[in-house]
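Visitor: I would like a close look at one part of this molecule, the charged side chains that pair up. Please take me through them slowly, and then show me what lies around them.

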Amino acid sequence: MYTQLADWHGPGPWILLIPLIWIAVVVLVIAVLRRTVWRRHGCGFGYGYGVGAGAGAAAEHPLAVLGRRYAEGDIDAEEYRAKRAVLSESPRDDAKGGGAR
């Protein structure tokens, strides 16, 4: 009498690929979320995004810092305009040269 179980030798070594595929899927989903959704919503986990980012807060744009300081009342309108003009002006060529011509 012949049974199907007598001819079955198990799943084989390819069964080890299934956990690797799931790990790759999870890593891919986390990478996509980190690059898109989490950065937009401020869940940066110390990468300079969101409130209280710690050491990463130094990556904030200088004009944004200036605007925040003005909104909080740290500086007045005259100081804000003067500093904004300095930050907004285009860099000059002689600044890169580093010496008199």
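Guide: Start with Lys83 and Glu79, whose side chains meet in a salt bridge, with N and O 2.9 Å apart. Bear in mind that this is a predicted model. In general, side chains of opposite charge can pair when their charged atoms come close. Lys83 and Glu79 both sit in helix α4, and because they are four residues apart there, about one helical turn separates them. Lys83 is partly exposed, at 32% relative accessibility. Glu79 also counts as partly exposed, its value being 30%.

A search of the whole structure finds three salt bridges. Bridges that share partners join Glu60, Arg68 and Glu72 into one network. Arg68 pairs with Glu60, and the closest N and O atoms of that bridge are 3.0 Å apart. Arg68 also pairs with Glu72, here with 3.9 Å between the closest N and O atoms. That distance still counts, because the cut-off for a salt bridge is within 4 Å. Arg68 and Glu72 are four residues apart in helix α3, so about one helical turn lies between them. As for accessibility, Arg68 is partly exposed at 37%, and Glu60 is partly exposed at 34%. Glu72 is exposed, with a relative accessible area of 52%.

The structure holds one aromatic pair. The ring centres of Tyr70 and Tyr80 are 4.6 Å apart and the ring planes lie at 20°, so the pair is stacked. Tyr70 belongs to helix α3 (residues 62-72) and Tyr80 to helix α4 (residues 77-88), so the pair links distant parts of the chain, 10 residues apart. Tyr70 is partly exposed, with a relative accessible area of 36%, whereas Tyr80 is buried at 18%.

Now step back to the whole chain. The protein chain has five helices and zero strands. Of its 101 residues, 6% are buried. The chain exposes about 9,100 Å², and carbon and sulfur atoms supply 63% of that area. Val29 lies in helix α1 (residues 17-35) and is partly exposed, at 45% relative accessibility.

Technical notes:
Residues numbered from 1 in each chain as written. Predicted model: local features only at pLDDT ≥ 70, side-chain atom pairs only at ≥ 80, totals over all residues. Heavy atoms only, no water. Phe/Tyr/Trp six-rings, centres within 6.5 Å; stacked < 30°, edge-to-face > 60°. Helix = DSSP H or I, 4+ residues; strand = E, 2+ residues; numbered from the N terminus. Buried < 20%, exposed > 50% of the residue type's maximum accessible area, 1.4 Å probe, protein only. Areas by Shrake-Rupley, 256 points an atom, 1.4 Å probe, with all protein chains shown as cover.
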